[in-house]
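This briefing walks through selected features of one protein model, grouped by topic. Please keep the sequence and the coordinates at hand while reading.

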Amino acid sequence: MHDDMKRVTETPDPVDRAKAAIDLMATYQGWVLELSRVRREAIEEAQASGMTQAEIASRLGVSRGRVGQLASAGPPPERAFFGTDRVTVSLGGKYEAGKGADQSPSEVITREDLNNFENLRKLLGGMKLDADYEVIPPTGIVNLNRDNHVVICGPRLSPIIAQVLEGDDNLRFAKDRAWHLIDQRAGKEYRSPSDEDGSAGDVGYLGRLPRLDGKGTFLYIAGIHAIGANGVVHYLENNLAELYREVRTKRFSTLISCRYDPKTLEVQESRRVTPLYRHEG
C-alpha cells in the first residue's frame with residue numbers, strides 16, 4: 001500500500017497523477033467491498049458455530065449492536081461464488097444464418113443466451129458485482145485463464161470446453177440420436193424432454209472447472225439445448241446461498257433440470273437432479 005501511494009504521489013504529470021489516483025482508489029474500493037464480505041461471512045460462521053453476539057462482540061472489542069450491524073453490512077458471502085471483481089460472461093457464438101458467400105458472416109448469440117446474461121447481470125448487481133459479456137467466436141477459442149469468469153457455451157461449439165469437460169469423471173455430455181447428459185457415477189442418462197416427447201423442458205450442466213493454466217477455476221454453464229442454461233441460471237437465482245454453503249469456491253459439478261413456457265421461453269421451475277459431485281478433497 002505504501003509503495004502504491006508513493007508511486008501515485010510521485011507521478012510528475014498532474015493529469016497522469018490524477019488518473020493514477022482514480023485507478024488506485026477503484027482498486028482499494030474493490031478490496032474494501034471484498035473485505036466487508038469476508039467480515040460478514042466470518043461473523044455468520046462464528047454465529048453458526050454457536051457463539052452469541054455478546055461473545056463475538058467481546059472478542060472484537062465492539063458493542064453487541066455493532067456486531068448486528070456488521071452481520072448485515074457488505075455483500076452477502078455467496079458473492080464469492082462468482083468472484084471478487086467485474087465478472088466476464090463468455091457466450092458461445094454462431095455464424096448468422098442466411099449470409100451468402102459474398103457477405104461476411106457475423107457472429108451472433110441466441111436469444112436464450114442474451115436472457116441468461118441479463119439475468120446473471122441482475123443477480124450479480126444485487127451482490128455489488130458488475131458484469132460484461134463477450135462472444136466466443138464460432139471457432140470455439142476462448143481464454144479460460146482469467147479470474148471472475150463465467151462460460152456459457154456447449155461443448156459442441158468449443159473444442160477447448162469439450163477437452164476441459166473430459167476431466168469430469170462424474171458427469172458428461174454425450175451424443176447418439178441426440179445430445180444428452182450422463183451421470184457416470186449413477187449410470188443414468190438425462191435427456192431433454194423437448195427431444196423425447198416435445199414437452200417444454202431441458203437439462204443443464206453447472207460446474208466449477210479448472211483453468212488450463214492450473215491457477216484457478218471458472219464457472220461453467222451449458223444446457224443440452226440453449227434453454228437448459230437458462231434453467232441453470234434460474235437455479236442460481238433461487239439457490240445460490242445454499243449452493244455456496246455446500247461448495248464454496250471449490251471445484252464441483254451437478255445437473256439441473258428445468259421447465260419453461262414454450263411461448264415466452266421463461267423458465268418456470270428448476271431443480272437439481274444429481275448430487276453435488278466434488279472434484280477435490
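How are α3 and α4 oriented to each other, roughly parallel or roughly perpendicular? The model under discussion is predicted, and in it the axes of helix α3 (residues 53–60) and helix α4 (residues 64–72) cross at roughly 95 degrees. Because an angle of 65 to 115 degrees counts as roughly perpendicular, α3 and α4 are described as roughly perpendicular to each other.

**Packing of α3 and α4**

- Two packed helices are described by the angle between their axes together with the distance between those axes.
- For the pair formed by α3 and α4, the axes come within 8 Å of each other.
- On the side of α3 the contact is made by Q53, A54, I56, A57 and L60, while α4 contributes R64, V67 and G68.
- Sorted by class, the contact of α3 with α4 has five nonpolar residues, two polar residues and one charged residue.

- A46, which lies in helix α2, counts as buried because its relative accessibility is 16%, and the cut-off for buried is under 20%.
- Leaving aside neighbours within four places in sequence, A46 is in contact with M51 and I56.
- A46 and I56 are ten residues apart in sequence, and their C-alpha atoms are 7.5 Å apart in space; I56 is also one of the residues of α3 that make the contact with α4.

**Salt bridges**

- The structure holds 18 salt bridges, and a network of such bridges links E34, R37, E41, E45, R79 and R248.
- R191 counts as buried because its relative accessibility is 18%, whereas D176, at 43% relative accessibility, counts as partly exposed.
- The side chains of K6 and E10 meet in a further salt bridge, at 3.2 Å, N to O, and K6 counts as partly exposed because its relative accessibility is 40%.

**The sheet of β6, β7 and β8**

- Three strands form an open sheet in the order β6-β7-β8, and the pairing is antiparallel.
- β6 and β8 stand at the edges with a single partner strand each, so one side of each is left without a neighbour in the sheet.
- From one strand to the next, the twist averages 35 degrees.
- β6 and β7, which run antiparallel, are joined by five bridges, and the bridge partner of F173 in β7 is L181.

**S257 in strand β11**

- S257 is found in strand β11 (residues 252–260), and this residue counts as buried because its relative accessibility is 15%.
- Not counting residues up to four places away in sequence, S257 touches D202, V203, E269, S270, R271 and V273.

Methods. Residues numbered from 1 in each chain as written. Predicted model: local features only at pLDDT ≥ 70, side-chain atom pairs only at ≥ 80, totals over all residues. Heavy atoms only, no water. Salt bridge = Lys/Arg side-chain N within 4 Å of Asp/Glu carboxyl O. Buried < 20%, exposed > 50% of the residue type's maximum accessible area, 1.4 Å probe, protein only. Axes fitted to C-alpha atoms, helices over the stretch in contact; angles between N-to-C directions. Helix = DSSP H or I, 4+ residues; strand = E, 2+ residues; numbered from the N terminus. Parallel < 35°, antiparallel > 145°, perpendicular 65-115°, else oblique. Contact = heavy atoms within 4.5 Å. Nonpolar A, V, L, I, M, F, W, Y, C, P; charged D, E, K, R; others polar. Pairing = 2+ DSSP bridges.
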